[in-house]
Amino acid sequence: PVLSFGASSLGQEFRPVDLGEALASVRVALDLGLDFIDTSPYYGRGMSECLLGVALRGVPRDRYLLGTKLGRY
């Protein structure tokens, strides 16, 4: 994919976010064709990955690609 959904916002990396809006944003991204999702255990100290798991519950695994990374300078 050329574009990805950046899930750092789910971890409230830049500002507080509404939980319902954060979870809904994942479904909206998928509905719009953004099927590559980028996250990291550093986003919100794991909150991004946890909430992403909640948001993707029930979504068929072949409907999205998941990218994560580990490491920090």
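A polar contact is a pair of N or O atoms within 3.5 Å; within protein, one of the two must be able to donate a hydrogen and the other to accept it, and residues adjacent in sequence count only if both atoms are side-chain atoms. The model is predicted, so local features need pLDDT of at least 70 and side-chain atom pairs count only at pLDDT 80 or more, while totals for chains, interfaces and linings use all residues. Residues are numbered from 1 along each chain as its sequence is written, and side-chain values use heavy atoms, with hydrogens and water left out.

Helices (H or I, at least four residues) and strands (E, at least two) are DSSP runs, numbered from the N terminus. Thr39 is found in the loop between β2 and α2, and Ser48 belongs to helix α2. Are these residues buried or exposed? The scale used here calls a residue buried under 20% relative accessible area, exposed over 50%, and partly exposed in between (1.4 Å probe, protein chains only). Thr39 is buried, with a relative accessible area of 2%, and Ser48 is buried as well, with a value of 0%.

Leaving aside neighbours within four places in sequence, Thr39 is in contact with Ala7, Ser48, Glu49, Leu52, Leu66, Gly67, Thr68 and Lys69. With the neighbours within four places again left aside, the contacts of Ser48 include Ala7, Ser8, Leu10 and Gly11, along with Thr39.

Two strands are taken to pair if DSSP finds at least two bridges between them. One of the residues involved is Phe36, whose bridge partner in β3 is Leu65.

The helices come next. Helix α1 (residues 19–31) and helix α2 (residues 47–55) pack at an angle of about 65°, with their axes 9 Å apart. Here axes are lines fitted to C-alpha atoms, for helices over the stretch in contact, and angles run from 0 to 180 degrees between N-to-C directions. The crossing of α1 and α2 is right-handed; a crossing has this label if the near helix is turned clockwise from the far one by less than a right angle, and is left-handed if anticlockwise. On the α1 side, Leu19, Leu23, Val26 and Arg27 meet Leu51, Leu52, Val54 and Ala55 of α2. The residues of this contact divide into 7 nonpolar, no polar and 1 charged, where Ala, Val, Leu, Ile, Met, Phe, Trp, Tyr, Cys and Pro count as nonpolar, Asp, Glu, Lys and Arg as charged, and the others, Gly among them, as polar.

Helix α1 also holds Ser25, a partly exposed residue with a relative accessible area of 23%. Not counting residues up to four places away in sequence, Ser25 touches Phe5 and Leu10. Ser25 and Leu10 are 15 residues apart along the chain, and their C-alpha atoms are separated by 9.2 Å.

Gln12, in the loop between β1 and α1, has a positive phi of about 55° although it is not a glycine. Arg45, in the loop between β2 and α2, likewise has a positive phi, near 55°, in a residue other than glycine. Gln12 is partly exposed at 33% relative accessibility, whereas Arg45 is exposed at 82%. In the loop between α2 and β3 lies Arg61, which is partly exposed at 49%. The side chain of Arg61 reaches the backbone oxygen of Tyr64 at 2.7 Å.

Technical notes: Contact means heavy atoms within 4.5 Å.
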